[in-house]
Structures are given as structure tokens and as C-alpha cells.
Amino acid sequence: MDTEMGLRESKKLQTRQEISDHATRLFMEKGFEATTIAEIAVAARVAKKTVTNYFTRKEDLALDHHEAYVQGLADAVADRPDGESPTMAFGRTLRAALTDHDPVVGFSGKDFAGMIAESPTLTARLRELHDLREAALADALADKSDAPAARTSAALIAAVDRLIFRRIQELTLAGSTDDEITTLLLPEAESALSALERADAREP
């Protein structure tokens with residue numbers, strides 16, 4: 001029974017990914033707003049209802065890892081070792097993400113970045129996801145500090161997180177390679193992290 005459930009779940013995940021892949025390809029070819037759910041269903045060889053069952057929002061077909069993205073900063077600070085501050089945990093994960101060209105911090109390729117930039121709907125959804133990411137971080141920090149301090153720390157960390165994401169998108173659209181972007185942004189990230197650490201030091 002467990003094996004059957006595992007196979008069914010694996011098949012669902014595979015179907016979901018295939019639908020998302022076909023949708024993203026069409027979005028990049030035709031534009032997000034111009035692509036219909038019916039066209040995505042035809043490309044993925046599934047029923048239109050199957051698409052909407054897996055993705056309740058059209059924009060989540062493109063931003064299909066939104067749940068993991070929203071929770072990313074919260075997980076980074078919640079899982080930090082004893083003695084490591086939220087800023088230090090964020091810095092550690094940010095450096096790794098820049099080095100690994102992680103899509104979570106904005107590495108996506110020129111075509112995908114262009115698709116986002118050209119779509120008001122996707123741009124708005126991305127802003128919403130940034131807000132949700134900050135809120136999840138604030139909730140995680142509130143477990144170990146008072147709510148106002150948690151919101152302040154979350155806002156400062158999220159501001160740097162958004163800045164790096166935006167810079168990666170801008171540089172990608174300008175034609176920079178991932179390696180070039182990493183080389184350029186690691187020093188910028190260090191400068192921003194130093195500012196966060198100074199802010200931490202001023203807290204009572």
C-alpha cells in the first residue's frame with residue numbers, strides 16, 4: 001500500500017512538473033498574458049481541469065516553487081546553529097546561493113527573467129511572494145524574540161534579499177553570465193551584510 005501511494009504521489013509530482021514546464025515554455029514564447037490555460041493543457045496533453053487542479057493561479061504555473069521560496073528565509077534562520085545570529089544565518093545562505101547560482105536568489109536565465117519583467121501579472125505576484133517571504137521570516141524570528149523586534153529584523157534582512165534578487169534580474173537581462181553576476185554581487189552582498197551586522201550591534 002505504501003509503495004502504491006508513493007508511486008501515485010511520484011506520478012502527481014511528475015505531472016505537475018510537466019504541466020509547469022510546458023506552461024513556462026509557452027509563456028516565454030508567447031508572453032504570459034497571451035497564453036491561455038487551454039493552450040497549456042493541449043501542450044501538456046492533459047485536460048484543462050487537470051491544469052487548474054494542480055495550479056489554482058495561472059501565475060503559479062511559472063512561479064511553481066513559490067511555497068519553498070516563501071519559506072526559504074524562515075527555514076534558514078530557524079535551522080541555524082546555536083550562537084549564530086539571524087543575520088549570520090542569512091549571510092551564510094546568501095553566499096552559498098550566489099556561488100551556486102540558485103534560482104531562489106534570482107538566477108533564472110535571460111528568457112525567464114524577460115518573461116517576468118514583461119508581465120505585469122507576474123511582476124505583481126513576485127512582489128507578493130517577497131512580502132510573504134518576509135512575513136514568514138518575521139514569524140520564525142518571533143519564536144525567539146518579541147514581535148516588534150522580529151518584524152524589524154525581518155524587514156532589514158528582506159530588504160537585502162530583495163535588493164540582491166533585483167540586481168541579479170537586472171544583470172541577467174543586461175546579458176551578464178551567471179559567473180559574472182556572482183563575481184560582481186558577492187562584494188555587494190558583503191557590504192549589505194556588514195550594514196545588517198552593524199544594525200544588529202546597535203540593538204539594545
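Modeller: Let me start with one term: two residues are in contact when heavy atoms of theirs lie within 4.5 Å. Keep in mind as well that this is a predicted model.

Biologist: Thanks! Then let me try the term out on Thr87. Which residues is Thr87 in contact with, leaving aside its neighbours within four places in sequence?

Modeller: Thr87 touches Ile157, Leu193, Leu196, Glu197 and Asp200, once its neighbours within four places in sequence are left aside. Thr87 itself sits in helix 5. Its relative accessibility is 4%, and under 20% means buried, so Thr87 counts as buried.

Biologist: Let me step back to the whole chain. How many helices and strands does the protein chain have?

Modeller: The protein chain has 9 helices and 0 strands. Read from the N terminus on, its elements run α-α-α-α-α-α-α-α-α. Its C-alpha atoms fill a box of roughly 60 × 50 × 30 Å along the principal axes. Of the 204 residues, 39% count as buried.

Biologist: And what share of the contacts with a separation of 6 or more comes from residues 24 or more positions apart?

Modeller: The share is 68% in the protein chain.

Biologist: Now to pairs of helices. How are two packed helices described?

Modeller: Two packed helices are described by the angle between their axes and the distance between the axes. Here, take helix 6 (residues 110-118) and helix 7 (residues 120-142): they pack at an angle of about 95 degrees, and their axes are 5 Å apart. Angles of 65 to 115 degrees count as roughly perpendicular, and helix 6 and helix 7 are therefore roughly perpendicular to each other. On the helix 6 side, the contact is made by Met115, Ile116, Ala117 and Glu118, and on the helix 7 side by Pro120, Leu122, Thr123 and Leu126.

Biologist: How many residues of the contact of helix 6 with helix 7 are nonpolar, polar and charged?

Modeller: They divide into 6 nonpolar, 1 polar and 1 charged.

Biologist: What about salt bridges? What should I look for?

Modeller: Look for a side-chain nitrogen of Lys or Arg within 4 Å of a carboxyl oxygen of Asp or Glu. By this rule the count here comes to 13 salt bridges. One of them joins Glu190 and Arg95, with the closest N and O atoms 2.5 Å apart. This pair links distant parts of the chain: Glu190 belongs to helix 9 (residues 178-202) and Arg95 to helix 5 (residues 86-100), 95 residues apart. Glu190 is partly exposed, at a relative accessible area of 32%, and Arg95 is partly exposed at 30%.

Biologist: Are Asp161 and Arg133 buried or exposed?

Modeller: Asp161 is buried, and so is Arg133. Their side chains meet in a salt bridge of 2.8 Å, N to O. Asp161 lies in helix 8 (residues 147-173) and Arg133 in helix 7, so the pair ties together parts that are 28 residues apart in sequence. Elsewhere, salt bridges that share partners join Arg57, Glu59, Asp60, Arg125 and Glu128 into one network.

Biologist: What follows helix 2?

Modeller: Arg45 follows helix 2, and its phi is positive, near 60 degrees. Arg45 is found in the loop between helix 2 (37-44) and helix 3 (48-54). With a relative accessible area of 80%, Arg45 is exposed. His101 also deserves a look: its phi is near 55 degrees, a positive value in a residue other than glycine. His101 is placed in the loop between helix 5 and helix 6, and at 23% relative accessibility His101 counts as partly exposed.

Key: Residues numbered from 1 in each chain as written. Predicted model: local features only at pLDDT ≥ 70, side-chain atom pairs only at ≥ 80, totals over all residues. Heavy atoms only, no water. Axes fitted to C-alpha atoms, helices over the stretch in contact; angles between N-to-C directions. Helix = DSSP H or I, 4+ residues; strand = E, 2+ residues; numbered from the N terminus. Parallel < 35°, antiparallel > 145°, perpendicular 65-115°, else oblique. Nonpolar A, V, L, I, M, F, W, Y, C, P; charged D, E, K, R; others polar. Buried < 20%, exposed > 50% of the residue type's maximum accessible area, 1.4 Å probe, protein only.
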